[in-house]
Amino acid sequence: MAGVSTNAIALVLVTLLSVLVTSVRSAANYDTAAARSYNSGWLPAKATWYGAPTGAGPMDNGGACGFKNVNKCPFSSMTSCGNEPLFDGGAGCGSCYEIRCIAANNPSCSGQPRTVVITDMNYYPVARYHFDLSGTAFGAMAKYGLNDKLRHAGIIDMQFRRVRCNFPGMKVTFHVQHGSNPNYLAVLVEYANVDGTVVRMELMQTRNGRPTGSWEPMRRSWGSIWRMDTSRPLQGPFSMRITSDSGKTLVANNVIPAYWRPDKAYWSNVQFY
């Protein structure tokens, strides 16, 4: 690094270390069980926002959960990054929260609750619980006509509580990911009602025209994407069994056909209620 003094490099390293230590301390001071419980009531948090002022957050309308087109129904840009007690290593992907800010937090706040879905990871929390919201979701907490004024605050105190997801008219969808092949199958789970989350996913193959009768566990690849790697080629149609974080189980029989293709979503006829 020609032309850069040793002292300057040391100062940069010290600054980076300070940021890292602050983030680690902040991230360690939380209660995942309280954040994910339906019975905790309103909890305090910090809110920031990112992306376009009236956008869905990420430029690609995705996020660390793997969900796609979060700017469209049913997410409709009402999305958020969550720090670890909310994202929970991907297990929190798809969970729904009511958020609100009140006039005591900021004069532009309406106090009316709005519902957001966790679709992304907040890597640099500034508080015990930190929602890094889409611009749309942040502005939605404002009084009528004051959306931009609230967004100009940048960071505010807010409250949140977990609620059950409700995606009217939607069924659970299994989106086979790019790069999948007979020896590697990666599947994104979307639009689960109630808990919104998937903490376990299993696959049943079909061999010689008949279901094997054996549920094979998949493992979380990242976010809400689950994968199976095998030396023996997988044979469809595939039935999928998913479990939510409250222990509810759902089976989608033969939802992924024998001649499945990567980059294609397969809609089931089942949903959590």
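Me: In strand E2, which residues point one way and which the other?
Reply: Thr79 and Cys81 point one way from E2 (residues 79-82), Ser80 and Gly82 point the other way, and all are buried. Helices (H or I, at least four residues) and strands (E, at least two) are DSSP runs, numbered from the N terminus. Buried means under 20% relative accessible area, exposed is over 50% and partly exposed is in between, with a 1.4 Å probe and protein chains only.

Me: Before we go on, what kind of model is this?
Reply: This is a predicted model, where local features need pLDDT of at least 70 and side-chain atom pairs count only at pLDDT 80 or more, while totals for chains, interfaces and linings use all residues. Residues are numbered from 1 along each chain as its sequence is written, and side-chain values use heavy atoms, with hydrogens and water left out.

Me: What's the mean pLDDT of the chain?
Reply: The mean is 90, and 89% of the residues in the protein chain reach 70 or more. pLDDT is the predictor's confidence in each residue, from 0 to 100.

Me: Where is the pLDDT below 50?
Reply: That happens over residues 10-27, a stretch with seven contacts in the model beyond near neighbours in sequence. Contact here means heavy atoms within 4.5 Å. Where pLDDT is low, the predicted coordinates should not be read in detail.

Me: Good to know. Back to E2, which strands does it pair with?
Reply: E2 runs parallel to strand E4 (residues 114-121), joined to it by four bridges. With strand E5 (residues 130-134), E2 pairs in the antiparallel sense over three bridges. Two strands pair if DSSP finds at least two bridges between them.

Me: What is the bridge partner of Ser80 in E4?
Reply: Ile118 is the partner of Ser80 in E4. On the E5 side, Cys81 has Asp132 as its bridge partner.

Me: Why does Ser80 count as buried?
Reply: Because its relative accessibility is 1%. Leaving aside neighbours within four places in sequence, the contacts of Ser80 include Val116, Val117, Ile118, Phe131 and Asp132.

Me: And Cys81, what does that one touch?
Reply: Not counting residues up to four places away in sequence, Cys81 touches Tyr50, Ile118, Asp120, Met121, Asn122, His130, Phe131 and Asp132. Cys81 is buried too, with a relative accessible area of 3%.

Me: Switching topic: how much space lies in the largest pocket?
Reply: About 150 Å³. On a 1 Å grid over the protein atoms alone, a pocket is an open set of points with protein on both sides within 12 Å along at least five of seven lines; a cavity is a set where a 1.4 Å probe fits but cannot get out, and lining residues have an atom within 4 Å of a point. Grid points are joined across faces, edges and corners, and a volume is the space filled by probe spheres set on the points.

Me: What lines that pocket?
Reply: Among the lining residues are Pro74, Phe75, Met78, Cys96 and Arg164. E4 gives the most to the lining, with three residues. By class there are nine nonpolar, two polar and one charged. Ala, Val, Leu, Ile, Met, Phe, Trp, Tyr, Cys and Pro count as nonpolar, Asp, Glu, Lys and Arg as charged, and the others, Gly among them, as polar.

Me: How many cavities of 30 Å³ or more are there?
Reply: The count comes to one. Of the 13 residues lining the largest cavity, Phe67, Gly94, Tyr191, Ala192 and Gly196 are the closest to its centre.

Me: Where does Tyr191 sit?
Reply: Tyr191 is in the loop between strand E8 (184-190) and strand E9 (200-204). Tyr191 has a positive phi of about 65° although it is not a glycine, and it is buried at 12% relative accessible area.

Me: Which residues does the cis peptide bond at Pro74 join?
Reply: It joins Cys73 and Pro74, with omega at about 10°. Pro74 is in the loop between strand E1 (43-50) and E2. Another cis peptide bond joins Gly236 and Pro237, where omega is about 5°.
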